[in-house]
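User: I would like to learn how to read a protein model. Could you take me through one feature at a time?

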Amino acid sequence: MSWLPDFIGHGAIKACYFIAALLFILGLKRMSSPRTARGGIVWAGYGMLLAVLATFFLPDMHNRGLIVAAVLIGVSAAWWTGRRVAMTAMPQMVALYNGMGGGAAAAIGAVELIGYARGLGMLHAVPDTSPLRPEAWAVNALPPALSPVELTLGVLGALIGAVSFSGSLVAFAKLQGWMDKRFVFAGQRGVNMLLLAAAVVAGFMLVLGQASLPLILVFFALALLFGLMMTLPIGGADMPVVISLYNAFTGLAVSFEGFVLGNEAMIIAGMVVGAAGTLLTQLMAKAMNRSIGNVLFGSFGAAGGEAQAITGAQKPIDGADAAVMMAYAERVVIVPGYGLAVAQAQHKVWEFAQLLIKRGVKVKFAIHPVAGRMPGHMNVLLAEAGVPYDLIADMDDINPEFATTDVALVIGANDVVNPLAKTDPASPIYGMPILDVSNAKQVIVIKRGRGTGFAGIENALFYADNTRMLYGDGQAAVGELVTALKDVDG
């Protein structure tokens, strides 16, 4: 009966993994609604905590001290950055943390492959006196009896994780403004395909048992380089799709590596993240009327043909006149964009909306699926300001209402309200579903200056006859509206 304690302990760990998986799934389900999203995050967090604690009791776990130290460092860094990061930098943080997940999956794959190569005798022996001997750092190194399926999944997980890691770092650099939005050169697509083919060939050789250290290094170098090169030409307007796609990549890589390690929590968590990321990526691409392949390998911003000439001039308006226009309107629709996040004007906007509501004006907020720099960016901002969920409408629901809207107030949005998406076949955004702001009786656009949006495209809405431009910082401009509206009420 000496095996009974081990059996009970092993069963308890599996039970903890099962409960953690349930918490992951239930947490994700609750995240689907703004009303329960906060609780869903907490539930998923408890699931992760349970899975991590259970893992420490695995009988073959080594280097627990180093793992505890790494966890403490990671938690401290995440807590500090999470508390300090500005809402405008949230997309960058999401991209960076997602990349860390992909990098972790790639690191697991590297350890698996090195342990496998050592088991095959394809790595030189390291003297026991060396602090760098394999036993000191190859945690749970795998035996040479690893099945072909497990080895294949390990290589795939390492490849996908490495691509997600380096690609997410480029996405972070673009969103942070450290790198040009697009970097292209002649024959870039061919170079990328060659890099991918070379990485696949190297991975295939590893699966066939040629797991030497030089080949492992070449494999990871090619995978990381492909992730960089794949993301460099992608424009800023496509970043929401790219972030969600790499999120799916990370989940898939973690699931593959969990299968190789026999860790049920990793398998289920990775599958949930991968599935959610894939569905979100498809929704984002659909919202832009583009395929995922076109986002990754297309030439956004380089449409053929001669673009339509935009006639007219931008017509400015001051805050007092704009406030009066909305004070006596029956229906007002507010359209937030990234400029709202930059100015951190969400609280002022909600204050202004409340003043309108008190006057009997019907107010709604219109959200485009890819507004901002990541999926749900605007929803998070409005929720932070306390805007009730029943006042927030998505694109499909609000578009029919613009024709009966007296005033549409656009704050920092650009490409998602550009009518050229419907009228100019030569425009790079042609065919992309937009908010039909131009159908409103009057449009007021709060914009810092006369420049183009993140996609670098001129906006015909700003020159329309029914549009007036209120120039200035978003928070200052909305503050001017609030003051003027209070004067009207007074």
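Analyst: Start with the whole chain. Of its 490 residues, 46% count as buried. This is a predicted model, and its chain holds 18 helices and 6 strands.

User: Among contacts between residues at least 6 apart in sequence, what share joins residues at least 24 apart?

Analyst: That share is 79% in this chain.

User: Where is valine 273, and which residues does it touch beyond its neighbours within four places in sequence?

Analyst: Valine 273 is in helix 10, residues 264-287. Its relative accessible area is 34%, so it counts as partly exposed; that class lies between the 20% and 50% cut-offs. With neighbours within four places in sequence left aside, its contacts are Asn247, Ala248 and Gly251. Valine 273 and serine 255 are 18 residues apart in sequence, and their C-alpha atoms are 9.1 Å apart in space.

User: Which residues touch the most other members of the largest nonpolar core?

Analyst: They are Phe219, Phe220, Val335, Phe402, Val417, Leu435 and Val437, in a core of 72 residues. Helix 6 (residues 148-176) supplies the largest share of this core, with 10 residues. Another core lies apart from it and has 43 residues, among them Ala353, Val387, Ile446 and Leu481.

User: What does valine 437 contact, leaving aside its neighbours within four places in sequence?

Analyst: Valine 437 is in contact with Val335, Phe402, Ala408, Val410, Val417, Val443 and Leu461. Of these, Val335, Phe402 and Val417 are also named among the residues that touch the most other core members.

User: How do I read the packing of two helices, such as helix 6 and helix 9?

Analyst: Look at the axes, the angle, the handedness and the residues in the contact. The axes of helix 6 and helix 9 (residues 239-261) come within 8 Å and cross at roughly 155°. An angle over 145 degrees counts as roughly antiparallel, so helix 6 and helix 9 are placed in that class. The crossing of helix 6 past helix 9 is left-handed. By class, their contact has 17 nonpolar, 7 polar and 3 charged residues.

User: At what angle do helix 6 and helix 7 pack, and which residues make the contact?

Analyst: The angle is about 150°, with the axes 9 Å apart. Helix 6 and helix 7 are therefore roughly antiparallel to each other, and helix 6 passes helix 7 in a right-handed crossing. Helix 6 contributes Leu151, Thr152, Val155 and Leu159, while helix 7 contributes Ala199, Gly203, Leu206 and Val207. Sorted by class, this contact of helix 6 with helix 7 has 6 nonpolar residues, 2 polar and no charged ones.

User: What about backbone angles: is the phi of glutamine 344 positive or negative?

Analyst: The general idea is that most residues other than glycine have a negative phi. Glutamine 344 has a positive phi of about 50°, although it is not a glycine. This residue lies in the loop between helix 13 (338-343) and helix 14 (346-358). At 44% relative accessibility, glutamine 344 counts as partly exposed.

Note on methods
Residues numbered from 1 in each chain as written. Predicted model: local features only at pLDDT ≥ 70, side-chain atom pairs only at ≥ 80, totals over all residues. Heavy atoms only, no water. Core = buried A, V, L, I, M, F, W, Y, C linked by side-chain atoms within 4.5 Å. Buried < 20%, exposed > 50% of the residue type's maximum accessible area, 1.4 Å probe, protein only. Contact = heavy atoms within 4.5 Å. Axes fitted to C-alpha atoms, helices over the stretch in contact; angles between N-to-C directions. Parallel < 35°, antiparallel > 145°, perpendicular 65-115°, else oblique. Left-handed = near helix turned anticlockwise from the far one by under 90°. Nonpolar A, V, L, I, M, F, W, Y, C, P; charged D, E, K, R; others polar.
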